[in-house]
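The sequence and the structure are shown first, and the notes follow by topic.

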Amino acid sequence: MFGDRLMNAELTSGDHFAEVNPGDPLYRDLQLRGYNRRFVGTPDSVFVVDDTDQVVNAVDAVVASGKKLAVRSGGHCVERFVDDPAVQCVIDLGQMDSVYYDRHRRAFAVEAGATIGRVYQALDMSWGVTLPGGSCTGVGMGGLVTGGGFGPLTRLYGHLSDHLYAVETVVVDENGKAKAVTATREEDDPHRDLWWAHTGGGGGNFGVATKFWFRSR
């Protein structure tokens, strides 16, 4: 439903992502996506992205502007990390919700905007498998995985992050340019520390997580 409205709306386009500003018809919907209505942000722009390249372009635009950035996956955060008055730009990952099997990595790939309910349904209906995530189906994977992912199956199978094989993250290099980096848990991976940083320590500190790969140990 939201995707249809987004396609039909008149948005200010920039570098292939959709930039929604306070004067746009969809701004109110995006502004109120947060779970805790105690906090309602008023960002200058909300960037609605469809893929990793658009995230890279959006991060470059924010870095160039010098504005404070926050990232929203499912919008279920009960704290004020996204809906903080100091946040001037929000990257909304809600359109990035694909779930598929990656034969190259021999792992299930899940985009950060997918909710845990969508992931459960896709894994069960298509492959007859699941992950030990949470019980609230509206929680987005971007926050759930990076926070560890505790749920009803944790005692049996560990946290969701225990099954994380790889993560794709948009980071900013020493020259101030954004780029996508994929880090795995392989011992010889030069980016392994970036994978480790996404296995339960909390999100928002190292970049924009855009995709996760899960594989049983």
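Ala-58 is buried, its relative accessible area being 0%; buried means under 20% relative accessible area, exposed means over 50%, and partly exposed lies in between (1.4 Å probe, protein chains only). The model is predicted, so that local features need pLDDT of at least 70 and side-chain atom pairs count only at pLDDT 80 or more, while totals for chains, interfaces and linings use all residues. Residues are numbered from 1 along each chain as its sequence is written, and side-chain values use heavy atoms, with hydrogens and water left out.

- Ala-58 belongs to helix 3 (residues 52–65); helices (H or I, at least four residues) and strands (E, at least two) are DSSP runs, numbered from the N terminus.
- Leaving aside neighbours within four places in sequence, Ala-58 is in contact with Phe-17, Phe-47, Val-49 and Ile-91, where contact means heavy atoms within 4.5 Å.
- His-16 is 42 residues from Ala-58 along the chain, and their C-alpha atoms are separated by 9.0 Å.
- Helix 3 lies across strand 8, strand 9 and strand 10, and runs at about 35° to strand 8; axes are lines fitted to C-alpha atoms, for helices over the stretch in contact, and angles run from 0 to 180 degrees between N-to-C directions.

- Five strands form an open sheet in the order 6-7-10-8-9, with antiparallel pairing; two strands pair if DSSP finds at least two bridges between them.
- The edges are strand 6 (99–102) and strand 9 (178–184), each of which pairs on one side only.
- From one strand to the next, the twist averages 25°.
- Six bridges join strand 8 (residues 164–172) to strand 10 (residues 208–214) in the antiparallel sense.
- Val-167 has Phe-212, in strand 10, as its bridge partner.
- Helix 4 lies across strand 6 and strand 7 (107–111), running at about 50° to strand 6.

- Strand 4 runs parallel to strand 5 (residues 89–92), and four bridges join them.
- The bridge partner of Ala-70 in strand 5 is Val-90.
- Gly-75 sits in the loop between strand 4 and strand 5 and counts as buried at 14% relative accessibility.
- Leaving aside neighbours within four places in sequence, Gly-75 is in contact with Arg-33, Gly-34 and Tyr-35.
- The C-alpha atoms of Gly-75 and Tyr-35 are 6.0 Å apart, and the two residues are 40 residues apart in sequence.

**Salt bridges**

- The whole structure contains five salt bridges, a salt bridge being a side-chain nitrogen of Lys or Arg within 4 Å of a carboxyl oxygen of Asp or Glu.
- One of them joins Arg-72 and Asp-92, with the closest N and O atoms 2.9 Å apart.
- This pair links distant parts of the chain, since Arg-72 is in strand 4 and Asp-92 in strand 5, 20 residues apart.
- Arg-72 and Asp-92 are both buried.
- Arg-118 forms a salt bridge with Asp-97, and their closest N and O atoms are 3.7 Å apart.
- Arg-118 lies in helix 4 and Asp-97 in the loop between strand 5 and strand 6, so this pair ties together parts that are 21 residues apart in sequence.
- Arg-118 is partly exposed at 35% relative accessibility, and Asp-97 is partly exposed with a relative accessible area of 28%.
- Glu-187 forms a salt bridge with Arg-192, the closest N and O atoms lying 3.5 Å apart.
- Glu-187 is exposed, at 66% relative accessible area, whereas Arg-192 is partly exposed, at 23%.

**A nonpolar surface patch**

- Tyr-100, Tyr-101, Trp-127 and Val-129 make up a nonpolar patch on the surface, with about 320 Å² of accessible area together.
- Patches consist of residues with over 30% relative accessible area and no salt bridge, with like charges joined within 9 Å and nonpolar side chains (Val, Leu, Ile, Met, Phe, Trp, Tyr) within 5 Å.
- Accessible areas come from the Shrake-Rupley method with a 1.4 Å probe, and for residues only the protein chains shown count as cover.
- Trp-127 is in helix 4 (residues 116–127) and counts as partly exposed at 36% relative accessibility.
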